[in-house]
Amino acid sequence: YWTVDKNVDNSESYSQLEEAAELLQQNETVAFPTETVYGLGANAKSDQAVKKIFEAKGRPSDNPLIVHIASKEQMNEIVEEIPEQAEMLIERFWPGPLTLIFKIKKDTLSSLVTAGLQTVGIRMPDHPVALELIKKCGLPIAAPSANTSGKPSPTTADHVFQDLNGRIAGIVDGGATGVGVESTVLDCTEAVPVILRPGGITREQLEDAIGQVSYDPSLSNIKEAPRSPGMKYTHYAPQAKFSLVKGSPEFLQTLVNEAKAEGLRVGVFTTEEHAAFYEADHVLSAGTSQDLATVAAGLYDTLRKFDTLPVDCIFGEVFPVEGIGQAIMNRLTKAAGHRIIEEK
Ligand code: TXA
Ligand code: MG
């Protein structure tokens, strides 16, 4: 567990990253910060190394991993061809929270990374610690979020420690991550690129850069089979029964009162603006509704906090599905197992 200065500018941080990079070269797993969430990294070229990721997380083997790179040269070694639209997105958003899906060159990576698919997801993270670590080990790094499968993703080194201590070789602690939700996953193998997972780069930003992009229908209709294998799994769920509430704070409070009358201990997931309004056993605010980026940044930490509190059920507010709100509502809906209670 190494503590590293976010700017990687002092010699101590530098030598600690060196140790972490050596472990990656020895095909061990190391968790590290990115601008979205913490990743659990391993050498993407080694079956032995990638296997350790799946084992540590308890991740289903049919769910492919994102490959993290620090230079475009590293990408060119792996990718068959880069469509023009993708070039434009790379120019505009890398390094940053955007994962692009390309056709993969044969025999360049462990086949476990892609879960047998002919495509690979690649991103260049916008975090000095992540970039320096990848540069130092000189390898493409496969890295899913560094949580136990099914739990909320980790936004601090402490979250990683709680989930994976004893199961991985090390954690590079670079402080809390910034964006707080994972990267946007965009399939670039089609003429009109498809958003498979909403995330840190919004649909509006993508459309501003390249014009039309489409949205995988399974994201708005749970009856459709998702094209991103990872999107079919239950995720981010707190232990208590979590429901989203579409309606006024007064309506949400009546649901709290009903649950309390049944003898249940009740939590409320809200924002700073409404926190003082609710009367419940535990009221947690993820951020301010004036700036949804703060809600994204606080989302997973808030969901994890409920697991440390004695609550039987949680009611959560909903957010506008635009900008970063798309990613927030995607994660909250999954955390709630699609339970949404609407005010009549
Ligand atoms: O922000 C992030 O993307 C973080 C940080 C650590 O970089 N990583 C992350 O990885 O969220 P993970 O493994 O938790 O999520 C990867 C998602 C999954 O939904 C997976 O199914 C999808 O990307 N994915 C990866 N490769 C794919 C491919 N070739 N085709 C379709 N979906 C793919
Ligand atoms: Mg994940």
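Here are my entries, going from the sheet to the loops and then to the aromatic rings.

**Entry 1: ground rules.** I am working with a predicted model, where local features need pLDDT of at least 70, side-chain atom pairs count only at pLDDT 80 or more, and totals for chains, interfaces and linings use all residues. Residues are numbered from 1 along each chain as its sequence is written, chains are lettered from A and ligands numbered from 1 in the order in which they are written, and side-chain values use heavy atoms, with hydrogens and water left out.

**Entry 2: the sheet.** I looked up the strand order first. Helices (H or I, at least four residues) and strands (E, at least two) are DSSP runs, numbered from the N terminus. Two strands pair if DSSP finds at least two bridges between them. I found 11 strands in an open sheet with mixed pairing, in the order E1-E8-E2-E3-E7-E4-E6-E5-E9-E10-E11. Strand E1 (2-3) and strand E11 (214-215) are at the edges with a single partner strand each, so one side of each has no neighbour in the sheet.

**Entry 3: around E6.** Next I asked myself how many residues of strand E6 are buried. For E6 (residues 119-123) I noted 4 of 5, so to speak a mostly covered strand. Buried here means under 20% relative accessible area, exposed over 50%, and partly exposed in between (1.4 Å probe, protein chains only). Strand E4 (residues 66-68) pairs with E6 in the parallel sense over 3 bridges, and Ile 66 has Gly 121 as its bridge partner in E6. Strand E5 (residues 98-103) pairs with E6 in the antiparallel sense over 4 bridges; there, Lys 103 has Thr 119 as its bridge partner.

**Entry 4: on to E9.** I then followed E5 to strand E9 (residues 184-187): the two run parallel and are joined by 4 bridges. Thr 99 has Val 185 as its bridge partner in E9.

**Entry 5: backbone angles.** Which peptide bond is cis? I noted the one from Trp 94 to Pro 95, with omega near -10°. Pro 95 sits in the loop between helix H4 (84-93) and E5.

I also looked at positive phi values. Asp 107 is a residue other than glycine with phi near 55°. Asp 107 belongs to the loop between E5 and E6 and is exposed, at 78% relative accessible area. His 338, not a glycine either, has a positive phi of about 65°. I found His 338 in the loop between helix H11 (325-335) and strand E16 (340-342), partly exposed at 40% relative accessible area.

**Entry 6: aromatic pairs.** Rings of Phe, Tyr and Trp (its six-membered ring) pair if their centres lie within 6.5 Å; planes under 30 degrees apart count as stacked, over 60 as edge-to-face and the rest as tilted. By this rule I have 4 aromatic pairs. One of them is Tyr 236 with Tyr 300, stacked at 5.4 Å centre to centre with 20° between the planes. This pair links distant parts of the chain, 64 residues apart: Tyr 236 is in the loop between E11 and strand E12 (241-246), and Tyr 300 is in helix H10 (residues 292-306). Tyr 236 is buried at 3% relative accessible area, and Tyr 300 is buried at 0%.

I also looked up Phe 277 and Tyr 278: their ring centres are 5.3 Å apart and their planes stand at 80°, so the pair is edge-to-face. Are these two buried or exposed? Phe 277 is partly exposed, at 38% relative accessible area, whereas Tyr 278 is buried, at 5%.
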